[in-house]
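Okay, thanks for making time, everyone. Let me put the thing on the screen and then talk you through it.

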Amino acid sequence: MNTVSDQGTIAPEVREFLAAVRDQLADLDPDEQRDITEGLEADLSDLVAERGGEALGDPVAYARELRAAAGLEPGIGRLRRRTTMAEATHALLDDAHRHFDRLATALPGDSAAVIAALQPAWWVLRAWIAVEVAAYFLGEWALQVIPGQNLPGVLVTLVAVVLSVQLGRGRLWPGERWRRASGLRVLLLGLNAFAVLMVPVVLSGLSHGDHLQDGSSYEAGYRDAQAQKQHEHAGLELGGTPIRNIYPYDAQGHLLTGVQLVDSEGRDLVLTDSSDDTGDGADHALVPWLNGQNQKFNVFPLAEQRIAVDTGENDGAPAIQPPPFASLPPVSLAGVTPSLLQGSTP
Amino acid sequence: MDTTQLLKGVLDLAVLAVVDGEDGYGYDIVRRLRDGGLSDVGDASVYGTLRRLYSGGALTSYVVPSESGPHRKYYGITPTGRAQLKQQRDDWDVFATTVTAILRRSREGVTA
């Protein structure tokens with residue numbers, strides 16, 4: 001990203017001077033040349049800012065002085081670079097960063113600046129991801145944060161955001177010293193990559209409410225809200241066992257088809273789509289009724305779709321399975337007139 | 001006497017000493033040396049020295065991206081550099097004391 005600004009902020013005289021110095025060092029191998037001139041842009045820019053362009057002087061003399069002090073006399077032996085594991089790691093990461101910078105700069109428009117501006121958003125997002133992942137693995141900790149719903153979660157997230165931002169700004173460790181530790185750099189890279197991978201996982205976990213295992217009150221409310229959207233989860237149970245389908249009968253005991261059920265709060269009554277093997281060697285998936293484009297899972301009985309266990313493919317057309325009883329005995333309640341349905345035969 | 005000749009012999013020591021206190025980038029280190037009184041020190045000599053000390057393992061270096069300008073290359077001292085600094089500091093102390101003593105004696109000889 002900085003290569004963008006490099007072009008803008010390096011004074012032309014510095015660039016010219018440096019080009020002339022590099023010419024004088026042309027006999028060095030590219031690595032050595034890069035090593036000896038790296039950072040000079042910044043140093044020379046400072047010099048010019050402080051004492052003007054004249055302070056640069058003669059590039060040939062400058063190059064000679066640089067060489068002499070560095071022990072790189074023309075044609076004489078080379079500087080032997082001590083390449084440690086850490087340096088190799090830094091070089092690799094620096095190269096990768098330069099590649100990325102070049103790539104970002106090559107993109108149309110002001111992409112590089114946009115990417116740079118988005119960094120803080122990532123710092124916040126990764127902090128939240130970290131808290132979510134921690135909450136997932138710690139289970140009972142109940143840290144799941146839909147901000148504003150759970151105080152400890154919000155506090156922990158705030159702390160994580162501050163840490164993440166300071167880390168991103170390079171302020172978490174005193175000074176810039178930590179940048180020298182290649183291990184930390186690799187660790188940070190790994191954590192970032194992990195956070196990127198966890199983004200879709202956490203988001204899908206959120207929308208399915210998968211990690212809401214305990215019964216804290218806000219989570220129960222959350223689960224209820226989810227139940228309206230997600231028929232697969234937290235559906236009706238009877239004695240701890242999920243209810244597989246519902247067969248309504250009218251007061252006369254006749255089987256009804258297409259009865260919409262809601263609870264006293266107006267929420268759709270839905271089942272757990274257990275897809276269990278029901279003993280006939282096939283799984284069953286519930287098939288919703290439709291209200292325009294809307295899938296309705298609170299209309300009973302629901303049709304079931306056989307799914308072959310071995311192939312996972314649909315097996316035949318969805319159909320309402322035969323009811324447990326063809327009819328039930330009629331019922332009555334004093335003072336209540338039961339519904340009379342058109343087309344139902346009394 | 002040309003102080004640049006004297007400087008050459010002790011530039012490594014001076015550079016190590018100013019980097020030892022706090023990591024710095026090239027021009028920053030030049031400034032520290034100048035502020036310390038070595039007003040004749042050449043920028044290129046300092047940068048060359050920094051690279052040589054780095055190649056010798058006395059310094060490490062790391063690049064710090066800057067918001068507003070080109071990357072800065074920072075230098076920090078390594079344990080090797082610290083050992084070298086201590087050794088050279090001791091050598092310098094002995095050397096300076098010896099030379100000072102010789103000079104004082106010769107001056108006393110002249111004035112006596």
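Predicted model: local features only at pLDDT ≥ 70, side-chain atom pairs only at ≥ 80, totals over all residues.

**Walking through the two chains**

Let's start with one residue: B:Val64 counts as partly exposed, because it has 15 C-beta neighbours inside 10 Å. The cut-offs there: buried means 20 or more other C-beta atoms within 10 Å of the residue's own, exposed means 12 or fewer, partly exposed is in between, and the C-beta atoms are placed from the backbone. B:Val64 sits in strand β2 of chain B, residues 59–64.

Before I go on, the housekeeping. Residues are numbered from 1 along each chain as its sequence is written, while chains are lettered from A and ligands numbered from 1 in the order in which they are written.

Staying with chain B, then. Its secondary structure comes to four helices and three strands, and along the sequence they run α-β-α-α-β-β-α. Of the 112 residues in chain B, 40% are buried. If you take contacts between residues at least 6 apart in sequence, 51% of them in chain B join residues at least 24 apart. A contact, by the way, is two residues whose C-beta atoms, placed from the backbone, lie within 7 Å.

Now the helix packing in chain B. Helix α1(B), residues 3–21, and helix α2(B), residues 26–35, pack at about 105° with their axes 10 Å apart. That makes α1(B) roughly perpendicular to α2(B). Axes are lines fitted to C-alpha atoms, for helices over the stretch in contact, and angles run from 0 to 180 degrees between N-to-C directions. On the α1(B) side you have B:Ala14, B:Val15, B:Val18 and B:Val19, meeting B:Ile29, B:Arg32 and B:Leu33 of α2(B). By class, that contact is six nonpolar, no polar and one charged.

Next pair along: the axes of α2(B) and α3(B) come within 10 Å and cross at roughly 120°. B:Gly26, B:Ile29, B:Val30 and B:Leu33 of α2(B) make the contact with B:Asp43, B:Val46, B:Tyr47 and B:Leu50 of α3(B). That splits into six nonpolar, one polar and one charged.

So who does B:Tyr47 touch? Leaving out residues up to four places away in sequence, B:Tyr47 touches A:Leu40, A:Asp43, A:Leu66 and B:Gly26. B:Tyr47 lies in helix α3 of chain B, residues 43–55, and counts as buried because it has 26 C-beta neighbours inside 10 Å.

Over to chain A. This one has 10 helices and eight strands, and buried residues are 17% of its 346. Its contacts between residues at least 6 apart in sequence join residues at least 24 apart in 60% of cases.

How confident is the predictor here? The average pLDDT (the predictor's confidence in each residue, from 0 to 100) is 75 for chain A, with 74% of the residues at 70 or above. Residues 1–7 of chain A stay under 50, and the model has 20 contacts beyond four places in sequence for them. Residues 224–232 of chain A also stay under 50, with 16 such contacts.

One helix pair in chain A: the axes of α7(A), residues 111–138, and α8(A), residues 151–168, come within 8 Å and cross at roughly 135°. That makes α7(A) oblique to α8(A). The contact has 12 nonpolar, four polar and one charged residues.

Last item: which bond joins A:Phe300 and A:Pro301? A cis peptide bond, with omega about -5°. A:Pro301 lies in the loop between β7 (299–300) and β8 (303–308) of chain A.

Conventions: Helix = DSSP H or I, 4+ residues; strand = E, 2+ residues; numbered from the N terminus. Parallel < 35°, antiparallel > 145°, perpendicular 65-115°, else oblique. Nonpolar A, V, L, I, M, F, W, Y, C, P; charged D, E, K, R; others polar.
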